[in-house]
Amino acid sequence: MHELGIAEKIVEIALASIPEGIENPKVERMNLRIGKFASVVEDSLRFCFGIVVKDTPLAETELIIENVPVLVHCNKCNFEWEVDDPIFKCPECHGTDLEMLSGREIDIDSIELAD
Ligand SMILES: [Zn+2]
């Protein structure tokens with residue numbers, strides 16, 4: 001279950017981003033962007049996140065997850081399109097020299113502290 005490692009990582013980053021000098025900081029909301037092909041099971045991630053944040057300023061954080069579509073670029077004809085399945089072939093020129101522009105990211109978009 002690699003979601004545990006991801007949860008640990010994002011919590012680590014979130015904790016590091018809390019400005020110093022705030023007494024009893026509480027993170028209200030955390031916005032994540034996760035690519036459709038990042039192989040992240042959202043329910044698992046939420047479950048692991050709940051374990052990792054125990055006794056941290058993120059204990060009551062609401063996790064908002066935005067799914068990022070998979071965008072592919074064809075290096076041969078420069079066509080760009082969105083894919084839903086992992087079979088990659090350019091629909092224009094049928095080339096296979098392709099580049100994935102997005103869809104694998106696991107990014108923290110923003111972290112909102114409670115007042
Ligand atoms: Zn092409």
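Among contacts in the protein chain between residues at least 6 apart in sequence, 73% join residues at least 24 apart. The model is a predicted one. The protein chain holds 2 helices and 6 strands. Read from the N terminus, the order of these elements is α-β-α-β-β-β-β-β.

The overall dimensions were examined next. Along the principal axes, the C-alpha atoms occupy a box of roughly 60 × 25 × 15 Å. The radius of gyration of the protein chain is 18 Å, whereas a compact globule of 115 residues would have a value near 13 Å. Buried residues account for 17% of the 115 residues.

Two loop residues deserve a note on backbone geometry. Most residues other than glycine have a negative phi. Aspartate 55 is not a glycine, yet its phi is positive, at about 60°. This aspartate 55 sits in the loop that links helix H2 (42-52) to strand S2 (62-68). Aspartate 55 counts as exposed because it has 6 C-beta neighbours inside 10 Å, and the cut-off for exposed is 12 or fewer.

Asparagine 78 also has a positive phi, of about 65°, and is not a glycine. Its place is the loop between strand S3 (70-74) and strand S4 (80-83). For asparagine 78, the count is 10 C-beta neighbours inside 10 Å, so this residue is classed as exposed too.

Terms used: Residues numbered from 1 in each chain as written. Predicted model: local features only at pLDDT ≥ 70, side-chain atom pairs only at ≥ 80, totals over all residues. Helix = DSSP H or I, 4+ residues; strand = E, 2+ residues; numbered from the N terminus. Rg over C-alpha atoms; globule rule 2.2 N^0.38 Å. Buried ≥ 20, exposed ≤ 12 C-beta atoms within 10 Å, placed from the backbone. Contact = placed C-beta atoms within 7 Å.
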